[in-house]
Amino acid sequence: MGRHNRTLRLTDDHENESRGHHEDLAKALYQEFGGALMGFALGLTGHDRQWAEDVVQETLIKAWRNADKLDRRPAMLRAWLFTVARRTVIDGWRSRSARPQELAEIESDAIVLPDESDKTVAAMIIYAALQGLSPEQREAVQRTYLEDRTVNEVAATLGVPPGTVKSRIHHAVRALRKALR
């Protein structure tokens with residue numbers, strides 16, 4: 001099965017959602033994403049290994065606490081984990097700057113944020129915004145913008161007048177703009 005089509009193999013049976021299964025989730029997340037998450041945290045913390053380990057641990061604890069709410073697809077889990085780790089580091093930087101520093105301050109140029117995580121977070125935001133559209137609006141947007149088809153082609157495929165497709169796209173774009181603000 002392709003890497004993008006698989007889901008993390010854990011039970012979703014609500015009767016079996018117990019502490020043990022949440023611990024299984026934490027273990028599976030660590031096995032699947034621990035190395036990448038550690039590398040990401042090291043970059044964010046200025047290569048402070050102890051702090052990066054704390055960030056990874058806190059991220060996995062938050063995943064454990066939110067196990068029932070997590071989307072189990074690997075791309076979505078990765079994005080969620082990296083977002084939580086990034087926010088944890090930001091909170092750490094804020095708390096460190098609020099109290100006297102024992103060590104010299106790390107310059108902001110030393111913090112490197114990989115483009116991949118920003119793209120993943122942006123994709124999550126757009127995905128969530130698209131989910132807020134009606135199925136008809138989502139289909140019109142997908143066929144015109146993502147499949148690069150004309151309004152007339154989409155109208156013929158859907159069996160509706162071109163004006164209906166234009167209206168769906170118009171209302172969808174307005175809703176997306178509002179959601180993305």
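A residue is called buried when its relative accessible area is under 20%, exposed when it is over 50%, and partly exposed in between, using a 1.4 Å probe and protein chains only. By that scale I126 is partly exposed, with a relative accessible area of 44%. I126 belongs to helix α4, which covers residues 115-131. Here helices are DSSP runs of H or I with at least four residues, strands are runs of E with at least two, and both are numbered from the N terminus.

The structure is a predicted model, in which local features need pLDDT of at least 70 and side-chain atom pairs count only at pLDDT 80 or more, whereas totals for chains, interfaces and linings use all residues. Residues are numbered from 1 along each chain as its sequence is written, and side-chain values use heavy atoms, with hydrogens and water left out.

The overall architecture is helical. The chain has seven helices and zero strands, and its pattern along the sequence reads α-α-α-α-α-α-α. Of its 181 residues, 30% count as buried. A contact is defined by heavy atoms within 4.5 Å. Among contacts in the chain between residues at least 6 apart in sequence, 63% join residues at least 24 apart. The chain exposes about 12,200 Å², of which carbon and sulfur atoms supply 50%; accessible areas come from the Shrake-Rupley method with a 1.4 Å probe, and for residues only the protein chains shown count as cover.

The predictor's confidence in each residue is its pLDDT, on a scale from 0 to 100. The chain averages a pLDDT of 80, and 76% of the residues score at least 70. Confidence is lowest in α4, at a mean of 73, and highest in helix α6 (residues 151-158), at 92. Over residues 1-5 the pLDDT stays under 50, and the model has three contacts beyond four places in sequence for them. The pLDDT is also below 50 over residues 9-18, a stretch with 14 contacts in the model beyond near neighbours in sequence. Where pLDDT is low, the predicted coordinates should not be read in detail.

The interior may be considered next. In soluble globular proteins, nonpolar side chains tend to be buried together. A nonpolar core is here a set of buried Ala, Val, Leu, Ile, Met, Phe, Trp, Tyr and Cys residues joined through side-chain atoms within 4.5 Å. The largest such core has 23 residues, of which L29, L37, V55, V56, L81 and V89 touch the most other members. Helices α1 (19-44), α2 (49-65) and α3 each supply at least two residues of this core. The most comes from α1, which gives nine residues.

Helix α3 spans residues 74-98 and contains T88. T88 is buried, with a relative accessible area of 9%. Leaving out residues up to four places away in sequence, T88 touches V55, E58, T59 and K62.

Charged side chains form another set of links. A salt bridge requires a side-chain nitrogen of Lys or Arg within 4 Å of a carboxyl oxygen of Asp or Glu, and by this rule the count comes to six salt bridges. One of them joins R49 and E53, at 3.5 Å from N to O. Both residues lie in helix α2, four residues apart, about one turn of the helix, and E53 is partly exposed at 40% relative accessibility. In another, the closest N and O atoms of D71 and R73 are 2.5 Å apart; D71 is partly exposed at 30%, as is R73 at 31%. R94 also forms a salt bridge with D91, the closest N and O atoms being 3.9 Å apart. R94 and D91 are separated by about one helical turn because they lie three residues apart in helix α3. R94 counts as exposed, at 57% relative accessible area, whereas D91 is partly exposed at 43%.

The surface returns the reader to I126. Together with I125 and L180, I126 makes a nonpolar surface patch of about 270 Å². Patches consist of residues with over 30% relative accessible area and no salt bridge, like charges being joined within 9 Å and nonpolar side chains (Val, Leu, Ile, Met, Phe, Trp, Tyr) within 5 Å. Helix α7, residues 162-180, includes K178, which is exposed at 65% relative accessibility. The C-alpha atoms of K178 and A129 are separated by 9.0 Å, although these residues are 49 apart along the chain.
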